[in-house]
Amino acid sequence: MTDAEILSVLRPDGTADPAHDPGLPDAELLSLYRHMVLLRTVDEKAITLQRSGRIAFFVPSTGQEACSIGAGHAVREGDWIFPAYRDHGVGLMRGYPLASLIGQIVGHATDATRGRQMPNHWCDRSIRLVSVSSPVATQLPHAVGAAYAAKVRGERVAVLTTFGDGGTSTGDFHAAMNFTGVFRLPVVFFCENNRYAISHPVERQTAAGTLSEKAAAYGLPGVRVDGNDVLAVRKVVGDAMDRARAAEGGTLIEALTYRIGGHSTSDDPTVYRSEEEVAAWRAKDPIRRFAAFLKGRSLLEDPAAVEAEAKEEVRRAVEEAEGAPPVPLSSMFEDVYAEIPWHLAEQRDSLLSGKG
Ligand SMILES: Cc1ncc(C[n+]2csc(CCOP(=O)(O)OP(=O)(O)O)c2C)c(N)n1
C-alpha cells in the first residue's frame, strides 16, 4: 500500500486546515464529539455485557468512530444507508435511538427485530437505515438497487454504503461499482480500510497500491481520506453525497483507519497483530484528536463531563432493555405470512400448549 494523497483536516497542532475544513457550526462540531464519545461508551458497555453473559456477541468500532460519525453526519433526510456491521455510529448520528440500539443487542421485547437477528444487525425504516448484512459486502449491490430505483423515480437522494477493506475482494464489490459507473448512480461507497479482515492483513487482500484507485476501472472518482479525522471524513463524504444528489454519479472513498479491539467479541487479535502496532494507532485516537481541536476553539471545557453523560445514557438504555420482558414464543410464527398456513398454526398451538 502507498501513502499517496490522504486528505486530512485536523493538523498535528490541533488546528484545522482551512483548505478542506467543512466549516460546521459550533453546535454541530460538539454534536460530532458527543456522538463519538457515545459510540465508544456503547462499545465498552457492550463488551462488558458480552463478557458477563448478558448478550451473546458484539462487533466493536473503537478506533473507527471518526469514520462512522463523520459519514453519518453527511447523510440527510431522504438518503439511504446500507451499513456494514461495524457502523452503528452512522445510524446513531442519523438519530437511530440509543434505546433501540441497545434493545437490539439485548434482544428482549424492545428489539425491533424481535430477537431474531444477531447483535449489531440494526435497522430503522424511519431513517432509511437498511438491515445490516452479515455476508461481507452484500450490502453494496443492495445499495445500488436502491440508487437505481431512486434514479428511475427521479428522486434527488444519495445512497451511502459502508464496508471494510476485505469487502473490496468480493464479486459484489465489482458488480456494484461497475453498475454504478455505467448507470451513473448516486452511490457513495465508503470503505473503512482498518488494515485487517479479521486476521487477514490488507497487504494480502490486494496487489493494488491503494483501494481507492480501483475506482478508476469503473469510471468513478476515488478518494483517500484520513479515517481518524472526523472533519476530513465529513468533508469527503459530504462532497460525495452532494455529487450523488446532484445526479453526478457515485464515488469510492477509502478511509485509512484501524480497529483497536478485536474483530468481534469472538476474536483474539493478539495472535495476529503486534502490541507495538496497536500502540502506534492508539496514539492516533480519533476522539482525543478531535477533543484537542475543540479545546483549541474553546468549545470543550470538560471532556470527563461528556463521558459521564454518555455512560449514564448507556446505563439507562441497558436498564430499559434488560428490564423489558422476553420476546413471546408465539412471535416465532409471526411477520412472515399474512395468513399463517395450517401446518405452522398446528406447530404454534402445540408449542404454546406446552405439548410441543
Ligand atoms: C461472504 C462472507 N465470507 C466470510 C465471512 C466471515 N467474515 C465476517 S467478517 C469478515 C472480515 C471482513 O473484513 P472487512 O471487510 O475488512 O471488514 P472489517 O470487519 O474489518 O470491518 C469475514 C471474513 C462473511 N461474513 N461473509
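1. R259 is a reasonable place to begin, since at 2% relative accessibility this residue counts as buried, where buried stands for under 20% relative accessible area, exposed for over 50% and partly exposed for what falls in between, with a 1.4 Å probe and protein chains only. R259 sits in the loop between β7 (251–256) and α8 (275–282), the helices (H or I, at least four residues) and strands (E, at least two) being DSSP runs numbered from the N terminus. The side chain of R259 has a polar atom 3.0 Å from the backbone oxygen of I198, and the side chains of R259 and Y272 make a polar contact at 3.1 Å. A polar contact here is a pair of N or O atoms within 3.5 Å; within protein, one must be able to donate a hydrogen and the other to accept it, and residues adjacent in sequence count only if both atoms are side-chain atoms.

2. A word on provenance. The model is predicted, and local features need pLDDT of at least 70, while side-chain atom pairs count only at pLDDT 80 or more and totals for chains, interfaces and linings use all residues. Residues are numbered from 1 along each chain as its sequence is written, and side-chain values use heavy atoms, with hydrogens and water left out.

3. The ligand is surrounded by 14 residues, of which the closest are Y85, R86, G166, N194 and Y196; a residue is taken as near if one of its heavy atoms lies within 4 Å of the molecule. A nitrogen atom of the ligand lies 3.1 Å from a polar backbone atom of S134, and an oxygen atom of the ligand is 3.1 Å from a backbone N or O atom of G167. On the side-chain side, an N or O atom of H263 is 3.3 Å from an oxygen atom of the ligand. Taken alone, the ligand exposes 580 Å², and the protein buries 66% of that, with accessible areas from the Shrake-Rupley method with a 1.4 Å probe and, for residues, only the protein chains shown counting as cover.

4. The largest pocket holds about 310 Å³ of space. It is lined by 22 residues, and those closest to its centre are Y85, V136, F163, G164 and H263; the elements that give two or more residues to this lining are β2 (159–164) and β4 (196–197). On a 1 Å grid over the protein atoms alone, a pocket is an open set of points with protein on both sides within 12 Å along at least five of seven lines, a cavity is a set where a 1.4 Å probe fits but cannot get out, and lining residues have an atom within 4 Å of a point. Grid points are joined across faces, edges and corners, and a volume is the space filled by probe spheres set on the points. The pocket lining divides into 9 nonpolar, 9 polar and 4 charged residues, where Ala, Val, Leu, Ile, Met, Phe, Trp, Tyr, Cys and Pro count as nonpolar, Asp, Glu, Lys and Arg as charged, and the others, Gly among them, as polar.

5. The cavity lining consists of P83, A84, D87, H88, G91, Y96, W122, L129 and V132, which divide into 6 nonpolar, 2 polar and 1 charged.

6. T161 belongs to strand β2 and, at 0% relative accessibility, counts as buried. A polar atom of the T161 side chain lies 2.8 Å from the backbone oxygen of F82.

7. The loop between α4 (98–106) and α5 (139–152) contains R114, and this loop is also the place of R128 and of S126. R114 has a phi near 55 degrees, a positive value in a residue other than glycine, and phi of R128 is likewise positive, near 55 degrees. R114 is partly exposed at 26% relative accessibility, R128 is partly exposed at 27%, and S126 counts as exposed at 65%. The side chain of S126 makes a polar contact of 2.7 Å with the side chain of D124, and the C-alpha atoms of S126 and V202, 76 residues apart along the chain, are separated by 36 Å.

8. Finally, A310 is placed in helix α10 (residues 303–323) and counts as buried at 3% relative accessibility.
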